[in-house]
Amino acid sequence: MYKQVYLKKGKEESLKRFHPWIFSGAIHHMDDGIEEGEVVRVITAGGDFIAVGHYQIGSIAVRVLSFTDVPIDDNFWNARIRSALNVRMAIAGIACNPDNDTYRLVHGEGDNLPGLVIDCYGKTAVMQAHSVGMHMSRMEICNALVSVMDGKIDNVYYKSETTLPFKADLGQENGFIYGHTDNNIATENGLRFRIDWLKGQKTGFFVDQRENRSLLEAYAKGRSVLNMFCYTGGFSVYAMRGGAKLVHSVDSSAKAIELTNSNVSMNFPNDSRHAAFCEDAFKYLDENDDKYDLMVLDPPAFAKHRGALHNALKGYTRLNVKGLQRIKHGGILFTFSCSQVVTKEQFRNAVFTAAAQAQRKVRILHQLHQPADHPINIYHPEGEYLKGLVLYVE
């Protein structure tokens, strides 16, 4: 029997709406001896069971695994991984397409597994825990993953050194927990990419921009393209295939520039259309006015928590002012925010403000979001983190 967490009166209302987080302020008291990462049963003030989940010290005290009173055992993990796979099998071109072996298999709350991310790159799955409970359960999850994937996954790399609470002092290390491979080449829509799951950001690649990269490809023909904050060069490679006349990739990280050059060369060897620059974004934009007619602004998250929201919105406005000022007349601007705490409306307002400050006429051509393999739990709107706009700039 699991130890129990007891809620204050009335604090079960969000759980009745199936929201998967229980905040520390909602808890009245807990059984003695509950350790971080432990599975707990959650009880209302009226004495009724309402959820079972992982306990963690911090603002989000319990991440709900189930709203039914079930054991969190091998059968549970198998069922949840299989449910996630079924969703991917229902999405055209995901999980069963030889031209695309790069996809997200588990997307946290979107797959009713809060605190867990699993990205697949060919025969290798990269697993990332964002909660202590998922870290504690990593081997059970790995076993379920290999079983459910039934030959589709030969290797599981665990990458959670930077995603778990520092104070938890778990001594976690990145490394293979099942199988091993030196082959880190994956295919996305027929293009090949080197995935840096050892030291790269997230799980090694930004899987969530796949469909937006394809859209950019459709606009690239004959254009001069700037891919700002290029990281692995994903947008650059798609622009090359789309027939861009030149593609420039910019990032402040020398490692990112190295990775971008490698990915471009792997797909377009000795192609003189591409060049990469290790530069600060604002400095580069100031020095390159009226040079590009297709521009991508895809910065890292400006806000990791609500306390940083105000400064983040100012940052998005400032960046988009620069982009809008520097892009050619008749140019196309792809601009993004991946900050979860920034809403679609707030991001759009920041870009609206930027357009007014830049004094450019702007039309919205597309409103972009994360792809279907990053599903949003309808009861957890916070899961809608990626926002994007495609703008026509007169």
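**Aromatic pairs in a predicted model**

Let me start with the count: the structure holds 15 aromatic pairs, where rings of Phe, Tyr and Trp (its six-membered ring) pair if their centres lie within 6.5 Å, with planes under 30 degrees apart counted as stacked, over 60 as edge-to-face and the rest as tilted. This is a predicted model, in which local features need pLDDT of at least 70 and side-chain atom pairs count only at pLDDT 80 or more, while totals for chains, interfaces and linings use all residues. Residues are numbered from 1 along each chain as its sequence is written, and side-chain values use heavy atoms, with hydrogens and water left out.

Take Phe 18 and Phe 67, whose ring centres are 5.2 Å apart with planes at 80°, so this pair is edge-to-face. Phe 18 lies in the loop between α1 (13-16) and β2 (21-23), and Phe 67 in the loop between β6 (60-66) and α2 (74-90), so the pair ties together parts that are 49 residues apart in sequence. Phe 18, at 38% relative accessibility, counts as partly exposed (between buried, under 20% relative accessible area, and exposed, over 50%, with a 1.4 Å probe and protein chains only).

Phe 193 and Tyr 238, by contrast, form a stacked pair, 6.4 Å centre to centre with 15° between the planes. Here Phe 193 is buried, with a relative accessible area of 1%, and Tyr 238 counts as buried at 0% relative accessibility.

Finally, ring pairs link Tyr 121, Tyr 157, Phe 176 and Trp 197 into a cluster.

Conventions:
Helix = DSSP H or I, 4+ residues; strand = E, 2+ residues; numbered from the N terminus.
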